[in-house]
Amino acid sequence: MKKNIAIVGATGIVGRTVLKILKERKLDKNNFYLFATKKNEGTILHIGRKKYKVRTLEEDVLKNEKFDYALFCTREEVSKCFVPKFLEQGTRVIDFSSLYRSKFPLIVPEINGDDAKGSLICNPNCSTAAAVMALYEIHKRLGLKEIVYSTCQAVSGAGKVAIDDMKTKKRSKLKSFKYPICDNVIPQIGSIDEKGSSTEENKMLFETRKILNDKDIKICATCVRIPIKVCHSISIHFKTRKDTGLEEIKKILLETKGVKVVDNAPDFPMPYFTKGQDDVLVGRIRESYDKNSFDIFVCSDNLRKGAAQNGVQILELLLSRK
C-alpha cells in the first residue's frame, strides 16, 4: 500500500539529495508532499520522472491532510515548531536536526536499526555517521577503549548559504561564516563552551557513545571546516580493549557493511573518490604508538550517508516492517 510521505525542507541541499535517493532506492512509488519556506513556494522538483510542486509548510496543512511519515531535512527551529504537530497527528517523524537526539532513538540502520522504534527517530550528525560506520564492527568484536577524532568538514555541512561563501574573500560580504573559508580553514563549528569544545565536537562525543551503546568510551574531537563543497574527512585514532593486530583490524574493516577499504597508495580515501558514493571509504590503516592502538582515515559524502541517505535508509527500514 502506498504511504503518504512529507518531505520538509525539500528545496535545501539535503532535501534535494533525499529526493534523488528515494528514486535510487525505489521508494518513489509512494505519495509525496514537498514543503519548504514561503520563498520557495511553487518550485517544481522531481522524484524520478514525477513532478511535485513545493508548498509552504503552515499549520493549516495538518488540519486538512494526514501523513504516514515525515522527513524533516531542516534546522532546529523548524523541527521545534512543526515536529510536535506532526506527531500529534500520528505521523512517524525522521528528524535530521540535532534537537531531539538526546531523548529519542538515534539511528544508523547498519548499526542499531533494531532501535528504530517509536514515533520520532533521529538522524545523526554527518561526521558521526561516517565515523561510527568505520568503527562499529571493530567495537562489536574488540571493544573500543578510546577514540580521537580530527575532522575536515565540507562547507555544504553548513547549508546552501555557506556554499556561496566559498569564493568570498571579504568578510563584509560573507553570508554564513564570520571569516572567509576561501583559502582558509576554520577550526570552529558551532559555538564554544566553557571547556573550549565546539558544538560539533560535543555532538560527536555524545552521539558516538549513544549509537555504539557504550558510555565508557573515552573520546575527544577537533572539528574543522575546510574549503571544499562536499565530503567530510576524518582522521581517527582508536584503542581497542581486546588484544589485536593490524591484520585483524583490516579484516574487520573489509567485512564491515557499508564500508569500502581504499588502502593502496596513492589511492586513499579522499573527496575526489567519495562524492556520490553510498559507502564510507576507509584507508591509511596503520598501527599507532601504543599497544592495540591504530589510526585510520575516513571519507564520506556528507550529503548522503551523513544525512540524506541515512534518513532514507531509516524510512526504508520502517516501511519494511509490518
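**View 1. Helix α5 passes helix α8 in a right-handed crossing.** A crossing is right-handed if the near helix is turned clockwise from the far one by less than a right angle, and left-handed if anticlockwise. Helices are DSSP runs (H or I, at least four residues) and strands likewise (E, at least two), numbered from the N terminus. The axes of α5 (residues 126–142) and α8 (residues 246–254) come within 9 Å and cross at roughly 120°, which makes α5 oblique to α8. Axes are lines fitted to C-alpha atoms, for helices over the stretch in contact, with angles running from 0 to 180 degrees between N-to-C directions; under 35 degrees counts as roughly parallel, over 145 as roughly antiparallel, 65 to 115 as roughly perpendicular and the rest as oblique. Ala-134, Glu-137, Ile-138, Arg-141 and Leu-142 of α5 make the contact with Glu-248, Ile-249, Ile-252 and Leu-253 of α8; contact means heavy atoms within 4.5 Å. The model is predicted: local features need pLDDT of at least 70 and side-chain atom pairs count only at pLDDT 80 or more, while totals for chains, interfaces and linings use all residues. Residues are numbered from 1 along each chain as its sequence is written, and side-chain values use heavy atoms, with hydrogens and water left out.

**View 2. Helix α5 packs with helix α7 at an angle of about 35°.** The axes of α5 and α7 (residues 199–212) are 10 Å apart, and their crossing is right-handed. The residues of α5 that meet α7 include Ser-127, Ala-131, Tyr-136 and His-139; among their counterparts in α7 are Lys-203, Met-204, Ile-211 and Leu-212.

View 3. His-139 is buried, with a relative accessible area of 13%; buried means under 20%, exposed over 50%, and partly exposed in between (1.4 Å probe, protein chains only).

**View 4. Phe-32 lies in strand β2 (residues 31–36).** Phe-32 has a relative accessible area of 5% and is buried. Neighbours within four places in sequence aside, Phe-32 is in contact with Ile-5, Ile-7, Leu-22, Leu-27, Ile-47 and Tyr-52. Tyr-52 is 20 residues from Phe-32 along the chain, and their C-alpha atoms are separated by 7.9 Å.

**View 5. Helix α10 has a kink of about 40° centred on Asn-310.** The bend at a residue is the angle between axes fitted to the seven residues ending there and the seven starting there. Of the 17 residues in α10, 13 are buried.
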